[in-house]
Amino acid sequence: MNDTPGRASPGSAPSEGRGADVPRPSEPVDGSGPAGNGSATQPPAEQWSPPPPGRTAGPQGPGWGGGPYGPVWGQPPAAAKPGVIPLRPLGVGEILDGAVSTMRAHWRTVLGITLTVSVLAQIATTAIERFLLPKPEPIDPNATAAEAVRRITDSAQSAAYTSLPSLVITMIATLICTAVLTVVVSRSVLGRPVTLSEAWAEARSRLPRLLGLTLLVALLGSAVMAVGVFPGALIGDVAGAGLVLLGGAAGLAALIWLWVRFSLAAPALMLERQSVIASMRRSAKLVKGAWWRTFGILALTMLLTLVAALVVALLISIPLGIIAVASGGTEVGSAFMSGSTNLDWPFLIVSGIADVIISMITYPLTAGVTVLLYVDQRIRREALDLELGRAAGLPGYDTGS
């Protein structure tokens, strides 16, 4: 630990296997005591510096390193747990449980940031959709086939253009929530309390770089997809359509690979105070050798959030649809229940309420899993658990690095 995070270059030493056999405390620390027993002399939890150069480790033994950790046959060893996770390599269930535990332990802060940002974003989106965007043109059932195809194509292009403001608003809302929630999760790892004002004060200075990181990754992904689709689009006939499908599939595979490779860049940028490029390199180094595991955990998280969103939508669609019928008539109720893009006020309001509730679930879970994945990879490779134990003021972790 140091008071100037980022001073040591994150690429100064290889990260593979660095934390495997670094000596841990000789006796396990009981983590059942009250959380928040951190030392007042330690830097804040979000200021996690990159690993110092020169720290190396030998071959990793059975389990999680053998003797110093405890059991050697793959059993989770006893470990200190000052916050929501034990200070040792984590399993998938522990990562998910840590994210949910953070939501429970800091529910006021989590609810405050997600509710505020979601409501403001939804108000802006609803106002734009109601006052600035044109209503979609209905398709004439008596139109010829060529006319119907033309109208469908024009409608798809119009939908792509009109969805841009909503995408920009969603991106900004996601950035703010990610930045603040990263600070909250980093504190919860050490069992320290954090208020919304404290989390915002620590996160706001990193927002411009986080925005730059998001735009750069999005631009890189768009370029990859364009390269895959562009050759087939130039041909323009049946063979070109087939080439577009093949190129699109290859581009999608490359996009997923890049998404996982740079998935830990945001925590590295926030917690190590790295630059945009340095955080991307940091993420690539941490994910190296663990791509499939990282992909599996991220994919599972996306599946869980999707299921949660569908359940919430189902639970609130029926009562809000009834409210829409009562307030706007049967046409509005039918539009809401069928998922139509009718832009009347009742439809926009009830769908906005659903989006806010879904955001309050998905933002904290996604941010929590991502940060804990970052912590887990640093524990496995760089013995971050020793640094976290010292930051939490736990006995037995005060050895020099």
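The secondary structure of this chain consists of 13 helices and zero strands, where helices (H or I, at least four residues) and strands (E, at least two) are DSSP runs numbered from the N terminus. The model is predicted, so local features need pLDDT of at least 70 and side-chain atom pairs count only at pLDDT 80 or more, while totals for chains, interfaces and linings use all residues. Residues are numbered from 1 along each chain as its sequence is written, and side-chain values use heavy atoms, with hydrogens and water left out.

Of the 401 residues in the chain, 44% are buried. Buried means under 20% relative accessible area, exposed over 50%, and partly exposed in between (1.4 Å probe, protein chains only).

Helix H5 covers residues 196–203, and its residues Ala199, Glu202 and Ala203 are buried. Seen down the axis of H5, the buried residues fall within an arc of 95°, so they line one face of the helix; the arc is that of the directions from the helix axis to the C-beta atoms. An α-helix has 3.6 residues a turn, so residues three or four places apart point the same way.

Helix H10 (residues 291–328) holds Trp291 and Phe295, four residues apart, about one turn of the helix. Trp291, Trp292 and Phe295 form one aromatic cluster. Rings of Phe, Tyr and Trp (its six-membered ring) pair if their centres lie within 6.5 Å; planes under 30 degrees apart count as stacked, over 60 as edge-to-face and the rest as tilted. Trp291 and Trp292 are edge-to-face, at 4.8 Å centre to centre and 80° between the planes. The rings of Trp291 and Phe295 have centres 5.3 Å apart and planes at 10°, so this pair is stacked. Trp291 is buried at 17% relative accessibility, Phe295 is partly exposed at 24%, and Trp292 is exposed at 68%.
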